[in-house]
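Please look over the model below together with the following comments.

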Amino acid sequence: MSTHLRITMLALIISALCVVSSDAGQSAAAATSALKDPVTGMDFVQVPAGCYLAGTSDGNSDEKPPHKVCISGFYLGRYEVTQGEWHRVMGSNPAVFNKCGDNCPVDQVSWSDAQEFILKLNGLTGRNYRLPTEAEWEYACRGGDKGGKYCGGDDVTAVAWTAQNSAGRVYPVGQKKPNSLGIYDMSGNVWEWVQDWNYKYAPGRQTDPAGPATGSSRIRRGGSWQYDAAKARATWRSSGYQDDRAMDIGFRLALPAAPLKSGRWMENPD
């Protein structure tokens, strides 16, 4: 066999392997898709039930102590709520970065604004959307019990837009690497409100913790394009008054789910 023929065959084999790898990656991403919202087209990912070690022993004081948390299965938005989705539900766009486009996360929304969006969307769909709890958020960020410094691994530039690489602005959702569940931008881009009031961690095993019944500020997670990479860590906790708005604060939605007797999940939670 001539050298030229060997090189040609090798090039064809490499090309074929690249196509297979690409198709496999797309299939894996598609396999994690659980449902779409009928009004907004919002894509939700199945987050299976399981347990993980929340918090850390070497972070800030409010990240301690590390403690075991068990979470029931639920659905979580594959992406942060976008400006286009907000506009379809609310008929307006509050984002400071409103020139970024429909696929950019909505910003300049408070925790209370998010509740208004959820109330209206639930009225339109008959579903029971809500913000994730803080424990659900961290569990999904970590890909269940897989760990990682950030939401998707230890390489922050691969998974997040932070002050180090954002050039001072927000970006369309889904441009960075997803985590193992196929969820994007849980680290960086915009902060994400969760349901809980701010509180101090307690030691000991917990199941589906939802935080205290009252408080003075609400928790937000994930860091943003405006802050350094440390704040994009999976365990970093931040909080603000529930009516606070900022050009780097948004949210994503969760949806409760229950397994069928067969062990499969409901494809449609209605």
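The numbered points below go through these topics in turn.

1. This is a predicted model, in which local features need pLDDT of at least 70 and side-chain atom pairs count only at pLDDT 80 or more, whereas totals for chains, interfaces and linings use all residues. Residues are numbered from 1 along each chain as its sequence is written, and side-chain values use heavy atoms, with hydrogens and water left out.

2. Helix α2 (residues 83-90) and helix α3 (residues 111-125) have axes that come within 10 Å and cross at roughly 65 degrees; helices are DSSP runs of H or I of at least four residues and strands are runs of E of at least two, numbered from the N terminus. Axes are lines fitted to C-alpha atoms, for helices over the stretch in contact, with angles running from 0 to 180 degrees between N-to-C directions. On the α2 side the contact (heavy atoms within 4.5 Å) is made by E85, W86, V89 and M90, and on the α3 side by D113, E116, F117, K120, L121 and L124. These contact residues divide into six nonpolar, no polar and four charged.

3. The structure holds one cavity of 30 Å³ or more, a cavity being a set of points on a 1 Å grid over the protein atoms alone where a 1.4 Å probe fits but cannot get out, with lining residues having an atom within 4 Å of a point. About 70 Å³ of space lies in the largest cavity, the volume being the space filled by probe spheres set on the points. Its lining includes Y52, H67, E134, Y199 and R221. While β3 (50-54), β4 (67-71) and α4 (134-141) each supply at least two lining residues, the largest share, three residues, comes from α4.

4. Ten aromatic pairs are present in the structure, where rings of Phe, Tyr and Trp (its six-membered ring) pair if their centres lie within 6.5 Å, and planes under 30 degrees apart count as stacked, over 60 as edge-to-face and the rest as tilted. F97 and W225 form an edge-to-face pair, at 5.4 Å centre to centre and 85 degrees between the planes. Because F97 lies in the loop between α2 and α3 and W225 in the loop between β8 (218-221) and β9 (238-240), this pair ties together parts that are 128 residues apart in sequence.

5. Two backbone details deserve a look. K64 and P65 are joined by a cis peptide bond with omega of about -5 degrees, and P65 lies in the loop between β3 and β4. N189, although not a glycine, has a positive phi of about 70 degrees, and N189 lies in the loop between α5 (156-159) and β6 (191-197).

Conventions: Nonpolar A, V, L, I, M, F, W, Y, C, P; charged D, E, K, R; others polar. 1 Å grid on protein atoms, 1.4 Å probe; cavity = no way out; pocket = protein on both sides within 12 Å on 5 of 7 lines; lining within 4 Å.
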